[in-house]
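This briefing concerns helix packing and the nonpolar core. Please consult the sequence and the model shown below.

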Amino acid sequence: LPYNLMELSELFDYFGNERSVLLSYNERYDGTGAPYGLKGNDIPLGARIFNIISSFTAMNSNRPFREKLSGEMIVKELTEEAGKQFDPLLVSKTLEIIRNHKLLSVSDKILEDAKDKIKESFADIIYD
């Protein structure tokens, strides 16, 4: 799929600067993704953001094979995948956006607890 997106994007000049994002959004922060197995900050920032947004949208949408996840389950999934699939700093920022814009029906306490868990697990990251 990433290669198909790259081929399609070559038809439109508009996507010229976004090709690395389209090619790399299936990379995982821990280096186990595709197509190159990039890890951490070697993954373009746009691809790391797109990965979270794409996953959030999928979890928050009804699919033919499952109902959308509850707000609590989405927060849990984002938190558990911090450092694995997702950039932990971007997960923390995503949780702030979810809270500030009330994107999910979930308590502030659940969101704050999730952010605290990420900060404890990844204490070497500057979050502010």
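Is the crossing of H4 and H5 left-handed or right-handed? The crossing of H4 and H5 is left-handed, where left-handed means that the near helix is turned anticlockwise from the far one by less than a right angle, and right-handed that it is turned clockwise. The model is predicted, with local features requiring pLDDT of at least 70 and side-chain atom pairs pLDDT 80 or more, while totals for chains, interfaces and linings use all residues. Residues are numbered from 1 along each chain as its sequence is written, and side-chain values use heavy atoms, with hydrogens and water left out.

**H4 and H5**

- H4 and H5 pack at an angle of about 160°, with their axes 10 Å apart; axes are lines fitted to C-alpha atoms, for helices over the stretch in contact, and angles run from 0 to 180 degrees between N-to-C directions.
- H4 and H5 are therefore roughly antiparallel to each other (angles over 145 degrees count as such).
- Val75, Leu78 and Thr79 of H4 meet Val91, Thr94, Leu95 and Ile98 of H5 in this contact (heavy atoms within 4.5 Å).
- The residues of the contact of H4 with H5 comprise five nonpolar, two polar and no charged; Ala, Val, Leu, Ile, Met, Phe, Trp, Tyr, Cys and Pro count as nonpolar, Asp, Glu, Lys and Arg as charged, and the others, Gly among them, as polar.

**H3 and H4**

- The angle between H3 and H4 is about 150°, and their axes lie 10 Å apart.
- That makes H3 roughly antiparallel to H4.
- H3 passes H4 in a right-handed crossing.
- Ile52, Phe56 and Met59 of H3 make the contact with Ile74, Glu77 and Leu78 of H4, a set that divides into five nonpolar, no polar and one charged.

**Nonpolar core**

- The largest nonpolar core has 19 residues, and those with the most contacts inside it are Val75, Leu78, Val91, Leu95, Ile98 and Leu104; such a core is a set of buried Ala, Val, Leu, Ile, Met, Phe, Trp, Tyr and Cys residues joined through side-chain atoms within 4.5 Å.
- Two or more residues of this core come from each of H3 (45-59), H4 (71-81), H5 (88-100) and H6 (108-121) (helices are DSSP runs of H or I, at least four residues, numbered from the N terminus).
- H5 gives the most to this core, with four residues.
- Leaving aside neighbours within four places in sequence, Leu104 contacts Phe56, Asn60, Gly71, Ile74, Val75 and Ile98.

**Burial and the end of H4**

- The buried residues of H4 are Gly71, Ile74, Val75, Leu78, Thr79 and Glu81 (buried means under 20% relative accessible area, 1.4 Å probe, protein chains only).
- These buried residues of H4 pack against H3, H5 and H6.
- Just after H4, Gly83 adopts a positive phi of about 85°.

Technical notes:
Buried means under 20% relative accessible area, exposed over 50%, partly exposed in between (1.4 Å probe, protein chains only). Angles under 35 degrees count as roughly parallel, over 145 as roughly antiparallel, 65 to 115 as roughly perpendicular and the rest as oblique.
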